[in-house]
Every structure is written in C-alpha cells, then in structure tokens.
Amino acid sequence: MPVTRKKTLAAVAALSATALILTGCSADGGSSDDNVLRIAMGSPGEAQIRVWDDVAAQYEAANPDVTVEMNYQDDDLYQTIGLPNLLNGRNAPDIYFEWAGARLEQRAADGFAADLTEAVTSGPIAGLFDDEVFTSLTVDGAVVMVPHSADVTNVLWFNEDIFADAGLTPPTTWDELLATCDALDAEGIIPIASGNKDLWAAGNWLAHLTSRVVGEEAYSAALSGDADFNTPEWIEAFGYVEELADHNCVNESVNAVDDNEGAQLFFQGKAAMHAIGSWLVSWAIDEAPDLNFDYVNLPAMPGEGNQESVIGVVTGYVVNAKSTKQDEAAEFLALLNNDENVQQFIGAELTPMTLSAASGEDIDSRTASLTALLETAPAIVLPPDNGYDLETANALYAALAEVLGGQKSPADAVAGIDQKLG
C-alpha cells in the first residue's frame, strides 16, 4: 500500500466529514462540473505529489478548457471509507487509485470500473505496457485498471551502521532473527521498529510470516473464507509471533504508535530494523537522507510455505464507469505514463510498470533490487487488506496484534478470528 502519514482509525470519522465537505460530495452521485477532471488517491508522498501536480499542469496546458483536480487523502481514510464516499458523492472522481485483487473486483461489480480494453489495446494507452501486466487487472474479460507500480509491501530493512557496530549480519533464518533481536536488545537498541496502531503495519509483515508457516494455499483459503483459521497450523504460525514478543524483538509501544512514529524510530537510529514496504526508500530519502540502510526479505521460517516468497501487490488507476469523461481520463493516463513522466516518477523513487521504465534516469539500487525481487519471486503472497476481504483482513490483523502485544495466547487469538467472522 502507498504510505506517507497514517491517521488512527478513531480519527477516520472526523476526517471523512471534512473530506465530504471539501469534495462537495452528496448522495446523488455523478459530477457537477463537466470541465473538471477529478483524480483521487491516498497520499503518495511529497516527491510523487510534485510529479502528479506537474502532469496535471501538462494536461491543463494541452486542454485549456479542462481543470484537473487532484484529491490526495490520508491513506487510512482513503482505503476504508474515503474512496467509497467519493465514488458515491456528487463530485465523484473520474480516475482513482486502487489495488489489484478483491478490491478491484468489487469496484467492477459495483459499477465503478470502466472497460479500458480498447484504450489499452488500440487507444491512447496502447503500447505503453507489456500485455501480460493486464492479466491481474482484468475482470470478466475486461481490462479495468491501468497499472502504475508493483509494490513489495514488506521486507526487513536494516541500519547498516548499527549492524556493523554490533558485529551483526542481516538475519536470513528464524533462529538468526531471534539471536539478532537478543543481541540488539542487550545493547539497549530496539531490534525492530513497528508502528501498529492502525493494525496493518505489523499485520502485513506478520501475515507474510504466517503464510510461510501454513503455506500459500492454506493462507489464501482462510483469507478467502474457504477454510477456518482455527487449525493447528495457524496456531503454530501465531506461536512464532509470540516468540517475537518473548525476545523483545519489537518496541514496547508497537500497538500504541502509528506507522509514521514507528518509521521515525528507524530513521533516528533508535531501532536497527524496520518491517515495511518498498515505499520506505522515497520516504527515507525525504526524511532521513543520511541513513545508511538496506533490506533482506523475510527470513526463512520453519513451515509449509515457499521460504523465498515475496509479499506484494500491483497498484494502478481505474476510470470511473459513471464518469462522463472516460475518453479524457484515458488520455490523462496515457500522459501520466509517457517516457518523460515515467522518468519523473523514477526520480521520485517509484518505478512505474511501463516498458520505458528500464531506460533513462538511474533508479535507486534498493528500488531496482525490490523490483527484481518481485519479478523473480517463486511465490507471491497478497497482503490481506489489499488482496482479500477487508473485514477478514482486519480480524487477522487484530489477532496478530493481540499476540504481538502479549494480550492473548496464539490459540485464543486464532479462535477469536473465526468467532469474529462468524
């Protein structure tokens, strides 16, 4: 998921009221101004916002009768109730950010995803992408999303200077990870910083961990509602989360601070590691430009899953099927993905999925490595909150937080998921 600043879920209701006022939303749907092209997304960070604003200016210069209105929302707000409110409002977006998977399928089922097949095969977007990238963006035979980036949503970032000073090497196995936690804790250094107040930050990381233990098929079956969580395999997986807590691997405040505060512990050198996604590169360049850091994938776990799996997701932009400006929207997305603007995004530490992304301005080595990690992964695990039903994802995330925080045993937490989901 894209990330910059997250708000607590308790603040979402207040934020949504403000968003409704600012965007002029009401219950009647549709757009009240045919001269405005509206684009909505969770905030992608200041560096990428500068690129988006420039692309909007380019479009306005080429189409002087059109105004492009950018709506950058708080990410938690956007993902939960922000986007649905916008789509059902009077000034609904013509283009909006979405994740591939269950969320995209739901947007199509609800009538909010236009058929872009012609636009990507013979229209303005044709030739910008490899045809294969549209496989996961096709619903009922229709292409319904233009890809933007493929994000690795969690790896284990580490501070190279702290590791060197402590004589440590990045952990590649579960036993090595626990030993690393013990060594860092003994030195008074937080081993792994995490800000899990909104549940997704550690939840995403620990969901990948559970998939490594129970196996990708069992993971997907439970999250899809086709199997129970309350099984010996899932209890075993949660037992490894309990081990993280027992070895003081995470900050004591893990469930009390948000992802921004968790990242600051890493940026300020108070924590040696940080479990988060590929967006940390551009975030750190903005806020901690002198930080010497790199990553390893999740260390290998004892279990049934592929121990070289990667957790990641394709993100992109959907044209609203209810929009009266679908042609203009397709032209904007073509402009967004032309060679010049792709290079601008690369400069902002995001690598678009276009064919032209491999040429031009140098890509940060960590970003390039993450792209290769995802492209060559023997198994890709979908994040619970992007690839599956959000209610199920939240139930899993809450249970993982309870074990990580020491509030419940693995067995009780796993049983609670099925109870919560009925």
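Author: In this predicted model, a surface patch is made of residues with over 30% relative accessible area and no salt bridge, with like charges joined within 9 Å.

Reader: Which residues form the negative surface patch?

Author: Patch members must have over 30% relative accessible area and no salt bridge, and Asp and Glu are the residues that count as negative. The negative patch in this model is formed by Asp 115, Glu 118, Asp 327 and Glu 331.

Reader: Does Asp 115 count as buried or exposed, and what is its relative accessibility?

Author: Asp 115 lies in the loop between α4 (102-109) and α5 (117-121). Exposed means over 50% relative accessible area, and Asp 115 therefore counts as exposed, with a relative accessibility of 52%.

Reader: Is Thr 354 buried or exposed, and which residues is Thr 354 in contact with, leaving aside its neighbours within four places in sequence?

Author: Thr 354 is placed in the loop between α14 (339-347) and α15 (365-375). Because its relative accessible area is 6%, Thr 354 is buried, the cut-off for buried being under 20%. Once the neighbours within four places in sequence are left aside, the contacts of Thr 354 are Leu 128, Phe 129, Asn 337 and Val 342.

Reader: How far apart in space are Thr 172 and Asn 88, C-alpha to C-alpha?

Author: Thr 172 lies in the loop between α6 (160-166) and α7 (174-186), and counts as partly exposed at 47% relative accessibility. Leaving aside neighbours within four places in sequence, Thr 172 is in contact with Pro 299 and Ala 300. Thr 172 and Asn 88 are 84 residues apart in sequence, and their C-alpha to C-alpha distance in space is 47 Å.

Technical notes: Residues are numbered from 1 along each chain as its sequence is written. This is a predicted model: local features need pLDDT of at least 70, side-chain atom pairs count only at pLDDT 80 or more; totals for chains, interfaces and linings use all residues. Side-chain values use heavy atoms; hydrogens and water are left out. Patches are made of residues with over 30% relative accessible area and no salt bridge: like charges are joined within 9 Å, nonpolar side chains (Val, Leu, Ile, Met, Phe, Trp, Tyr) within 5 Å. Accessible areas come from the Shrake-Rupley method with a 1.4 Å probe; for residues, only the protein chains shown count as cover. A salt bridge is a side-chain nitrogen of Lys or Arg within 4 Å of a carboxyl oxygen of Asp or Glu. The place of a charge is taken as NZ of Lys, CZ of Arg, CG of Asp or CD of Glu. Helices (H or I, at least four residues) and strands (E, at least two) are DSSP runs, numbered from the N terminus. Buried means under 20% relative accessible area, exposed over 50%, partly exposed in between (1.4 Å probe, protein chains only). Contact means heavy atoms within 4.5 Å.
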